Amino acid sequence: MTHTTVLRPPTAWREDDGWWREEASTTIATEVREEVSKSALSWNKSPDLPFDRSLNPYRGCEHGCVYCYARPSHAYWDLSPGLDFETKLIARNGLVERLTEELCHPNYVCRPINLSGNTDCYQPLEATYQTTRRLLELLLECRHPVTLVTKSTLVLRDLELLAEMAEHRLVRVFVSLTSLDANLKRTLEPRAASPQARLRAIRELNTAGIPVGALISPVIPGLTDHEIEKLLEAASRAGARTAAWMLLRLPYEVAPLFEAWLEAHYPERAAKVMSLMRQCRGGKAYDAKFGKRFRGEGVFADLIAQRFARASRQWNMQDRTEQGLNTRDFRPPRAQQDLFI
């Protein structure tokens, strides 16, 4: 690996995510390691996920969301799931070339690829590296469907590209919404886009003809669950047509970070929040079992599910799905070039 210094995004690519004016003075310099990718796609057999393959251009995430379930993955690089996860990032070089090779494999079967299965593919680092954009250009060229999840308005940089993909039924975008409370967001997701900026992204994506949905995640019992109905209403009014939700996940390394954050920012609610979390997790802070890790169990988790379903019906929001994306027109990236060899 080599080390580089990441500069702030060029002015031409800046999007008003609603954080740098208030946070710039306290932002810690970001260090980036460049990893030469040996493969592109990650595969899963999880019955909880609507996709079986994903693609992650970056490891770590500058957004700094305290609850991020991907934080423990940084330990693989001998880096901490805390501050290192937010400031010592890894950019994966050669992904376009590796993906090209994998899509050309004779046994490859086309199904939707999920971008941002782990960390946000439109985090600020993307403004410099532009790996996500180059991947989308490749997928459009070979007519391969993709879904992506983001909480960044940098996605609007690629509006024309995504709109062209949408014309061929090759893309669905999901914008993650956690809270409409800007003060809560400021500490919970310190360098992610503001709630208003995310709703604007939904509105502009929808106006451009790009299928867009809202991912209400994470739902935090005792802290954000009271906003479920308002979040779905706001997303629907902005143009989202599908919605899904996930309960807060607190893997072993994340739980103490989140509890410390609660004590620092919401000490009067900390005990209640963690009590409700344990009620939803069989008495523990987290349960990673399939069928339970995303939605939890018990009376309170069931109540969240019922409220979400009722509000979704009220605002005509459909369930998140990868069905309907076009897999029939896929052609390996080198298919046309091979005719001239």
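In what sense do β3 and strand β4 pair, and over how many bridges? The notes below start there.

1. **Basis.** This is a predicted model, where local features need pLDDT of at least 70, side-chain atom pairs count only at pLDDT 80 or more, and totals for chains, interfaces and linings use all residues. Residues are numbered from 1 along each chain as its sequence is written, and side-chain values use heavy atoms, with hydrogens and water left out.

2. **The β3-β4 pair.** β3 and strand β4 (residues 53-55) pair in the antiparallel sense, over two bridges. Strands here are DSSP runs of E with at least two residues; helices are runs of H or I with at least four; both are numbered from the N terminus. Two strands pair if DSSP finds at least two bridges between them. Across from W43 stands R53 in β4. Strands of a sheet pair through backbone hydrogen bonds, either parallel or antiparallel.

3. **The whole sheet.** Eight strands form an open sheet with mixed pairing. Their order is β3-β4-β7-β8-β9-β10-β11-β12. β3 and β12 (318-319) are the edge strands, since each pairs on one side only.

4. **The largest pocket.** Its volume is about 1,100 Å³. A pocket is found on a 1 Å grid over the protein atoms alone: it is an open set of points with protein on both sides within 12 Å along at least five of seven lines, whereas a cavity is a set of points where a 1.4 Å probe fits but cannot get out. Lining residues have an atom within 4 Å of a point. Grid points are joined across faces, edges and corners, and a volume is the space filled by probe spheres set on the points. The largest pocket is lined by 47 residues, and Y69, S116, G117, N118 and T119 are the closest to its centre. The elements giving two or more residues to this lining are β3 (42-43), β5, β8 (146-150), β10 (212-219) and β11 (242-247). β10 gives the largest share, three residues. By class, the lining has 21 nonpolar, 17 polar and nine charged residues. Nonpolar covers Ala, Val, Leu, Ile, Met, Phe, Trp, Tyr, Cys and Pro; charged covers Asp, Glu, Lys and Arg; the others, Gly among them, are polar.

5. **The second largest pocket.** This one has a volume of about 360 Å³. It has 19 lining residues, and A243, A244, W245, R295 and R320 lie nearest its centre. β11 and α12 (299-314) are the elements that give two or more residues to the lining. The lining divides into 11 nonpolar, two polar and six charged residues.

6. **Cysteines.** The count comes to zero disulfides. The rule asks for a pair of cysteine sulfur atoms within 2.5 Å. C104 is in no disulfide either; its nearest cysteine sulfur, that of C142, is 8.2 Å away. C65 counts as buried, at 7% relative accessibility, and C104 as partly exposed, at 24%. Buried means under 20% relative accessible area, exposed over 50%, and partly exposed in between (1.4 Å probe, protein chains only).

7. P81 sits in the loop between β5 (58-59) and α2. P81 is buried because its relative accessibility is 19%. Leaving aside neighbours within four places in sequence, P81 is in contact (heavy atoms within 4.5 Å) with R71, P72, E253 and L257. P81 and G60 are 21 residues apart in sequence and 8.7 Å apart in space, C-alpha to C-alpha. D84 lies in helix α2 (residues 83-87). D84 is also buried, at 16%. Not counting residues up to four places away in sequence, D84 touches H74 and L79.
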